[in-house]
Amino acid sequence: MDTATASHAFLFADLVGYTALTAAHGDERAADVATRFHTEVRRLLPAGAGPAEVKTLGDGLMIRLTDPVDAVRLGVAITEAVDDLTDVPAVRVGIHTGPAVHRDGDWYGTTVNVASRLCDAAADGEVLVSEDTAAAAGRPVGIAFGAPELHTLKNLDAPIPARPAQLAAPAPSPPRARAALARLRERLRPISCPAGHRMQGAH
């Protein structure tokens, strides 16, 4: 397949405040944080030939995936995983889908540039997904998209619509199910007996 016409999902992720971390704690500590982050992201890559780490960018990474659903799920998984890591700053993620050109192990084109700029525009801990990617992904189970907003990105003529993506909140139980659960808990509640009293049949 011609890589210039095929659709690819590009994901950029980097750590927020990494320059300040380097200035405050030194190069050695900052390098340790970056490599720990890289290792965690690689652990989360979905199995198969589709995903590929293109390159590291200091504290960040550039990843190409063939399936936009995988890209969105990976972006959300990265932010969730970093939340659980101690001494690692928040991460921001940008994702865009479209054609790109492959040369000497790297990828070029507007799609790549938009993904990178969306990463720059994302808030701390946010996964910012272009509208094209959200539309291509449909409604992934367990993922919720926020309302689209236009983002004016550096060196791009037209604003890009994009949505935040995050884990979907668990659906609340229907009232009837909650009532049935309450009745079941009432039936299972231990029976209390007066002190010294033995239930009939107890030995």
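Colleague: How many bridges join strand β2 (residues 52-57) to strand β3 (residues 60-65)?
Modeller: This is a predicted model, in which local features need pLDDT of at least 70 and side-chain atom pairs pLDDT 80 or more, while totals for chains, interfaces and linings use all residues. Residues are numbered from 1 along each chain as its sequence is written, and side-chain values use heavy atoms, without hydrogens and water. Strands are DSSP runs of E of at least two residues, helices runs of H or I of at least four, numbered from the N terminus. Two strands pair if DSSP finds at least two bridges between them, and antiparallel β2 and β3 have five.

Colleague: Which residue takes a positive phi in the hairpin of β2 and β3?
Modeller: Ala 52 stands opposite Arg 64 in β3. Two residues lie between the strands, and the one with a positive phi, near 65°, is Gly 58.

Colleague: How are α1 and α2 oriented to each other?
Modeller: Axes are lines fitted to C-alpha atoms over the stretch in contact, with angles from 0 to 180 degrees between N-to-C directions. Helix α1 (residues 18-25) packs on α2 at about 140°, with axes 7 Å apart. Angles under 35 degrees count as roughly parallel, over 145 as roughly antiparallel, 65 to 115 as roughly perpendicular and the rest as oblique. The pair α1 and α2 is therefore oblique.

Colleague: At what angle do the axes of α2 and α3 cross?
Modeller: Helix α2 covers residues 27-44 and helix α3 residues 68-83. Their contact (heavy atoms within 4.5 Å) involves residues including Phe 37 of α2 and Leu 74 of α3. The axes come within 10 Å and cross at roughly 135°.
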